[in-house]
Amino acid sequence: MASDEEKSENFLPSSDDTSDSEREDGGPATGTEQPGTSGGASVDRVPVYVRGPAAVDVTPDKDGGVTKEVIRPGYGDERPGTGDTVYVHYVGSLTDGTKFDSSRDRGDTFKFTLGTGSVIKAWDMAVAAMTRSEVCIVQCTAKYGYGKRGSKPKIPPNATLVFEIELLDWKGEDISESLDEGILRSQLSEGDGYQTPTDMSTCNVHVKGKHGDRIFEDRDVTFVIGEADAAGVMAGVEQVVKKSKQGARSKVVVKAKYAYGSEGNREYNIPPDADLEYEVELKSFEPLKDSWKLNLKEKLEHSENLKNKGTDFFKVGKFKRAISYYGKIIEYLKDEEKLDDETDASTRSQLLLAAHLNTAMSHLKLQDGSEARSACDSALKVDPKSEKGLFRRGMANLNLRNYEDALADFKAVLDLDPENKAAKNQLAIVAHKIKQIKENERKTYAGMFEKFASEDAKKAEKLQVWKDGDKQEKTAESDAAVNAATDSGDHSAPTDQ
């Protein structure tokens, strides 16, 4: 949506600002200062537009509310899609030729995000039907412009408007997670519904990849969100799928870092650091079922599969991905506490314990001691005598430099298994670190005491020097006074009897 500053410089408020319901309630008027006569000046005008036979209705309902007539064809057959940032020049006028706004007069292009309601409805419809460098005349009724109330002071109520629009260029929507323009998407069709694939959804996709003018990949592929690389699908394409509705088609420019990077791809003959272009269609997807949709047996079966997948990711060093799978097990089973069947109860406890322990181990690999300790605490609630839970919590505390807590955890492991070599080794390491800390503290305090004693001695020495100097000064003053009294014949001082 245009900012207030942008609205003061152009006359294209969003459709949100110009809906009929808002205008009937006295919605906001927008625009620049009123053109027209002032002190006898003539009104700024353009030639009156008369719609020709080449004008095309671009409304979805074909009600004639927005027509578009090309006066200079563009080139190519590509058109901007929803979410693209488009750059245009325009001149807006009333049907009598009164000009109310012009980007050309301001000497600056106007940009907006297409299909998001940031401009009047007529613009979203008409510009989406234009090609690059095309110039057209768009005429729209009040329904697709500024509605029943218009927009004072320039747009009268129920006004039909005329725009000359030149589409200069556009760029795709940046859908990269870091917003570095590494993945720019132009939607060819938006798809159906409102849902998009979530983590672990199974997606059926058609992909067509191009390097330059060469198509190197054109296939149907099925993959799970988070596991796309296993199906030979690059990260950039997976990101497009995650942002798509079912049935959506997109054209995408994928920068090298989200494609095949500095290594390229020999199979497809893609050189290093190559940017690629893709067309991606999400044909269908099936989200991983929510917990409330599954019965206990299904939860246990799904959890076993999730554990195996998580372990596969752990083995190849994809620890964050493994954590997401273990987390799903916890989501499935955490509330299944009261089970009558002993076998189900045992299976649930084993899977839940494994999920917490494996989560802790993954966090330890990522050097995240705090999360690892939390996962171990959860594991020990399931089984307070879990050696792995105690040992890994000890490692987490060691990572966090909580040496006393780590010492207690490793001792607890040895209480359960006195022959546990790993716990013995870590216990020795922790004991040594505690000893070092105490030794360092002793040296620090000893040094501090020596420093304080030295400073106190220096202060005492200075004080003594001052006292001695003061005493000598006073003695000298006394002798001087006696001498002065004797020399003056002062016999008032007492004498021995």
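**Aromatic pairs, an open sheet and a buried serine**

Both Phe-112 and Trp-123 are buried. The model described here is predicted.

**Aromatic pairs and cluster**

- The number of aromatic pairs comes to 13. One of them joins Phe-110 and Trp-123 in an edge-to-face arrangement, with 6.1 Å from centre to centre and 90 degrees between the planes.
- Because Phe-110 belongs to strand 5 (residues 110–113) and Trp-123 to helix 4 (residues 121–127), this pair ties together parts that lie 13 residues apart in sequence.
- Phe-110 has a relative accessible area of 7%, so this residue is classed as buried. Trp-123 is likewise buried, because its relative accessibility is 0%.
- Trp-123 also pairs with Phe-112: the ring centres are 5.7 Å apart and the planes stand at 65 degrees, which means that this pair is edge-to-face. Here the link runs between Phe-112 in strand 5 and Trp-123 in helix 4, distant parts of the chain that are 11 residues apart.
- Phe-110, Phe-112 and Trp-123 belong to one aromatic cluster, together with Tyr-90, Phe-100 and Phe-163.

**Arginine over aromatic rings**

- Arg-132 is placed over the face of Trp-170, at 3.8 Å from the ring centre.
- Arg-321 is placed over the face of Phe-313, at 6.0 Å from the ring centre.

- An open sheet is built from six strands in the order 8-9-12-13-10-11, with antiparallel pairing. Strand 8 (173–174) and strand 11 (214–224) each have a single partner strand, so they stand at the edges and one side of each is left without a neighbour in the sheet.
- In general, the strands of a sheet pair through backbone hydrogen bonds, in either a parallel or an antiparallel manner.
- Two bridges join strand 8 to strand 9 (residues 183–189) in the antiparallel sense. Glu-173 has Arg-185, in strand 9, as its bridge partner.

**Ser-176 between strands 8 and 9**

- The loop between strand 8 and strand 9 contains Ser-176. This serine counts as buried because its relative accessibility is 3%, and the cut-off for a buried residue is under 20%.
- A polar contact of 3.0 Å connects the side chain of Ser-176 to the side chain of Asp-180.
- Leaving aside residues up to four places away in sequence, Ser-176 touches Glu-181, Gly-182, Ile-183 and Tyr-258.

Technical notes
Residues are numbered from 1 along each chain as its sequence is written. This is a predicted model: local features need pLDDT of at least 70, side-chain atom pairs count only at pLDDT 80 or more; totals for chains, interfaces and linings use all residues. Side-chain values use heavy atoms; hydrogens and water are left out. Two strands pair if DSSP finds at least two bridges between them. Helices (H or I, at least four residues) and strands (E, at least two) are DSSP runs, numbered from the N terminus. Rings of Phe, Tyr and Trp (its six-membered ring) pair if their centres lie within 6.5 Å; planes under 30 degrees apart count as stacked, over 60 as edge-to-face and the rest as tilted. Buried means under 20% relative accessible area, exposed over 50%, partly exposed in between (1.4 Å probe, protein chains only). A charge sits over a ring if NZ of Lys or CZ of Arg is within 6 Å of the ring centre and within 35 degrees of the ring normal. A polar contact is a pair of N or O atoms within 3.5 Å; within protein, one must be able to donate a hydrogen and the other to accept it, and residues adjacent in sequence count only if both atoms are side-chain atoms. Contact means heavy atoms within 4.5 Å.
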